[in-house]
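Dear colleague,

Please find below the structure that I am handing over to you, with its sequence. My notes on what was found in it follow directly after.

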Amino acid sequence: MGSITNEQLTKPLFALLTETFDKTAGAYLDRDTSLLNTLDTLNAARASKPTIPGGTTIAGHVFHVRFYLRVINDYMEGKWYENLDWKESWTLSTVTDAEWEELRRNVRGDYAALMKRLGEIGDWSDEKRLGGAMAIIAHTAFHLGAIRQMTKLVALR
């Protein structure tokens, strides 16, 4: 079985991460529909509005994505949480204008730190690193889809 170089692996991996979070290139998202683009179109009131009474909010999804991003980043570096409280990642539901701005800024910063850290990896043979990077794409893309649908629903309410 042949092997691939780090560049052959990281070029499409980083392209998908970039598309998911920051700038669409047409691999799987429509123009200007990345996570950060989408969040920049929303204010705190819309981000805090549940789609159904008692349901989750866009702010809740974003808080959860940020939680996951930090946890999986640690996992890729070999840190494992014995008693990780996933319910904690869903504790936020409403935000003020200042909190929404801070949450968006923090997601942007965590994404930038992740890309910097991934760019420094010279050996991708560690399953945790590769699997973690792939998991971030899949997990964030799932929540991005939910957020994009929720933006349509909260606009109607």
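The count of salt bridges comes to 8, where a salt bridge is a side-chain nitrogen of Lys or Arg within 4 Å of a carboxyl oxygen of Asp or Glu. Please note that this is a predicted model, in which local features need pLDDT of at least 70 and side-chain atom pairs count only at pLDDT 80 or more, while totals for chains, interfaces and linings use all residues. Residues are numbered from 1 along each chain as its sequence is written, and side-chain values use heavy atoms, with hydrogens and water left out.

Salt bridges

Aspartate 40 takes part in a salt bridge with arginine 104, with an N to O distance of 3.1 Å. This pair connects distant parts of the chain, since aspartate 40 is in helix α2 (residues 35–40) and arginine 104 is in helix α5 (residues 97–119), 64 residues apart. Helices here are DSSP runs (H or I, at least four residues), numbered from the N terminus.

Aspartate 40 also forms a salt bridge with arginine 108, and their closest N and O atoms are 3.0 Å apart. Because aspartate 40 lies in helix α2 and arginine 108 in helix α5, this pair ties together parts that are 68 residues apart in sequence.

Which residues are linked with these in a network of salt bridges? The network consists of Asp40, Glu101, Arg104, Arg105 and Arg108.

Aspartate 40 counts as partly exposed because its relative accessibility is 39%. Arginine 108, at 34%, is likewise partly exposed, whereas arginine 104, at 15%, counts as buried.

A further salt bridge joins glutamate 120 and lysine 116, with the closest N and O atoms 2.7 Å apart. Glutamate 120 and lysine 116 are both exposed.

The nonpolar core

A nonpolar core is a set of buried Ala, Val, Leu, Ile, Met, Phe, Trp, Tyr and Cys residues joined through side-chain atoms within 4.5 Å. The largest one has 36 residues, and those with the most contacts inside it are Leu17, Leu35, Ile58, Val62, Trp100, Leu118 and Ile136. At least two residues of this core come from each of α1 (6–21), α2, α3 (44–47), α4 (58–76), α5 and α6 (127–156). The largest share, 8 residues, is supplied by α4.

Leucine 35 touches Thr20, Phe21, Val65, Val107, Thr140, Leu144 and Ile147, leaving aside residues up to four places away in sequence; contact means heavy atoms within 4.5 Å.

Helix α4

Helix α4 has 19 residues and reaches 27 Å from its first C-alpha to its last, close to the 27 Å expected at 1.5 Å a residue. The expected span is 1.5 Å times one less than the number of residues. Of the 19 residues of α4, 15 are buried, so this helix is largely enclosed by the rest of the structure.

Leucine 69 lies in α4 and counts as buried, at 3% relative accessibility. Apart from neighbours within four places in sequence, leucine 69 is in contact with Phe21, Val107, Asp110, Tyr111, Leu114 and Ile136. Just after α4, glycine 78 takes a positive phi of about 95 degrees.

Which residues of α5 are buried? They are Trp100, Leu103, Arg104, Val107, Asp110, Tyr111, Leu114, Met115 and Leu118. The buried residues of α5 pack against α1, α2, α3, α4 and α6.

The axes of α1 and α5 come within 12 Å and cross at roughly 175 degrees, where axes are lines fitted to C-alpha atoms, for helices over the stretch in contact, and angles run from 0 to 180 degrees between N-to-C directions. Helix α1 is therefore roughly antiparallel to α5, a term that applies to angles over 145 degrees. Phe14, Leu17, Thr18 and Phe21 of α1 make this contact with Tyr111, Leu114, Met115, Leu118 and Gly119 of α5.

With kind regards

Methods
Buried < 20%, exposed > 50% of the residue type's maximum accessible area, 1.4 Å probe, protein only. Parallel < 35°, antiparallel > 145°, perpendicular 65-115°, else oblique.
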